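Work through the exercises below with the sequence and the 3D view at hand. Each task is followed by its solution.

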Amino acid sequence: MARAFSVEDGKLGNQVTLNATNNREYIDIDMSFSAKPTGDIYKKNAVAAVKQSLKNLLMTARTEKPFQAYFGCNLNSYLFELADAGTVGEIKIAIRENVRVYEPRVDHKKLVIRCVLSPDDNTLTITLVFNVLNSGEQSEFTTRLNRLR
């Protein structure tokens, strides 16, 4: 990004350019909360931190998180719905909106969502292909929801 200077600045615009970057390292606490031998807890870095956050976002039901009623994709409600294109479309919309609002580390413009409904097994398999901001690498996350009994 170049910045134009005025005549009063001595036409410095030919010599000065301003560049801005935002390189942040993403670090989250590991949800297993297991302790290291040193007494500290384990941490997740970069893509692993984003994957853990996406899993929490997908597995959380609406109104489960206090004071944030719209957090979560509410995917458990789709396990017993009709396995048709309309349901898959609703699932994709719910995931895309939640990732856009609650996960700023994912480039939501390049997010690819694949849903596979298996009505005989009452199973929902979701694959997210995403780019983490500031890293440029593409990553894939797959999770599967199924009934307990």
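**Exercise 1.** Which side chain does the side chain of Ser-139 join through a polar contact?

*Solution.* The model is predicted, so local features need pLDDT of at least 70 and side-chain atom pairs count only at pLDDT 80 or more, while totals for chains, interfaces and linings use all residues. Residues are numbered from 1 along each chain as its sequence is written, and side-chain values use heavy atoms, with hydrogens and water left out.

Step 1. The partner is Lys-51, at 3.5 Å.

**Exercise 2.** Is Ser-139 buried or exposed?

*Solution.* Buried means under 20% relative accessible area and exposed over 50%, with a 1.4 Å probe and protein chains only. Ser-139 has 8%, so Ser-139 is buried.

**Exercise 3.** Which residues of α2 are buried, and where do they lie around the axis?

*Solution.* Step 1. The buried residues of α2 are Thr-87, Val-88, Ile-91, Ala-94, Ile-95, Asn-98 and Val-99.

Step 1. Their arc, taken from the directions from the helix axis to the C-beta atoms, is only 125°, so they lie on the same side of α2.

Step 2. On the other side of α2, Ala-85 and Ile-93 are exposed.

Step 3. The buried residues pack against α1, β3 and β4.

How values were computed. Polar contact = N/O pair within 3.5 Å; in protein donor to acceptor, adjacent residues only side chain to side chain. Helix = DSSP H or I, 4+ residues; strand = E, 2+ residues; numbered from the N terminus. Contact = heavy atoms within 4.5 Å.
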